Amino acid sequence: EADAPIFRLENVVAGYAGTTVLRGVDLEAHEGEVVALLGANGAGKSTTCAVAAGDLPVTAGRVLLNGMDVTRWPAHRRVGQGVLLAPEGRGVFPGLTVEENLRTWLTDPEAVYERMPQLAARRTLAAGALSGGEQQLLTLAPALVRPPAVLIADEPSLGLAPLIVQQVFDIFAELRERGVALVLVEEKATEVLAVADRVAFMRLGRIIWTGPRSEVDGDRLTAAYLGVS
Ligand code: ATP
């Protein structure tokens, strides 16, 4: 049906070597929707990203893409079907040049260079030599050329200069316009709340509240972070 989510985590339980971190996570994202996944340090946000991308197996629950069960799909197969993770700390190969990084995703990086002159000027530099912001742009650039079905970005603005944060959020706005489902994971709520359609608060491995951004006010935020909602 028209309002079926593109991407969905269903009662996901997962963790690391004997530690359960996610205790039944339900999260969904629709076409052209920005979902802000918010929660304090250690709530399980990055673990949720890892499960979504296929980097971490679930011990229970399902991962659905367009209604298809992809729970057992490895990460590369999910990427091929349009599930893209921009991991915390950027997703570039630091020893490869900017151009080589782009060519791992795209046969022709020119469209990226037209859109991002600062990457064009650095195309022969090692990606590891770029600023954090430029690395974030490099991570997100291929999505502009070949929009994924869902983009999950873990702490996309962490440590970036304000000007680049603006550029990064402009990219999110454009992808949303083009129908991409976005899950933006942040510890600090300010920037992401400005673009979110829906908000999901995470605490101790569960989504404790989800609803439209319009229902999130200061009290709701305080309650979510203090765990009294
Ligand atoms: P942060 O903002 O710190 O990344 P988060 O909400 O993303 O917080 P996670 O990184 O998912 O939270 O961490 C949730 C819990 O899982 C924490 O208790 C953390 O110590 C634990 N954890 C995370 N990664 C691992 C790992 N590789 N091995 C073992 N435990 C881990």
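**Sheet, helix and ligand shell**

In this predicted model, L65 has M68 as its bridge partner in strand β5. That pair belongs to the link between β4, which covers residues 60–65, and β5; 2 bridges join these strands, and they run antiparallel.

An open sheet is formed by 4 strands in the order β2-β1-β4-β5, with antiparallel pairing. Its edges are β2, residues 19–29, and β5, residues 68–69, each of which pairs on one side only. In general, strands of a sheet pair through backbone hydrogen bonds, either parallel or antiparallel.

Helix α1, residues 45–53, lies across β1 (7–16), β2 and β4. The angle at which α1 runs to β1 is about 115°.

Which residues come nearest to the ligand? Of the 13 around it, these are N41, G42, K45, S46 and T47. By type, the shell divides into 4 nonpolar, 5 polar and 4 charged residues.

A polar backbone atom of S46 is 2.7 Å from an oxygen atom of the ligand. For G42, the distance from a polar backbone atom to a ligand oxygen is 2.8 Å, and for A43 the corresponding value is 3.1 Å. Taken alone, the ligand exposes 620 Å², of which the protein buries 58%.

Note on methods
Residues are numbered from 1 along each chain as its sequence is written. This is a predicted model: local features need pLDDT of at least 70, side-chain atom pairs count only at pLDDT 80 or more; totals for chains, interfaces and linings use all residues. Side-chain values use heavy atoms; hydrogens and water are left out. Two strands pair if DSSP finds at least two bridges between them. Contact means heavy atoms within 4.5 Å. Axes are lines fitted to C-alpha atoms, for helices over the stretch in contact, and angles run from 0 to 180 degrees between N-to-C directions. A residue is near a molecule or strand if one of its heavy atoms lies within 4 Å of it. A polar contact is a pair of N or O atoms within 3.5 Å; within protein, one must be able to donate a hydrogen and the other to accept it, and residues adjacent in sequence count only if both atoms are side-chain atoms. Accessible areas come from the Shrake-Rupley method with a 1.4 Å probe; for residues, only the protein chains shown count as cover. Ala, Val, Leu, Ile, Met, Phe, Trp, Tyr, Cys and Pro count as nonpolar, Asp, Glu, Lys and Arg as charged, and the others, Gly among them, as polar.
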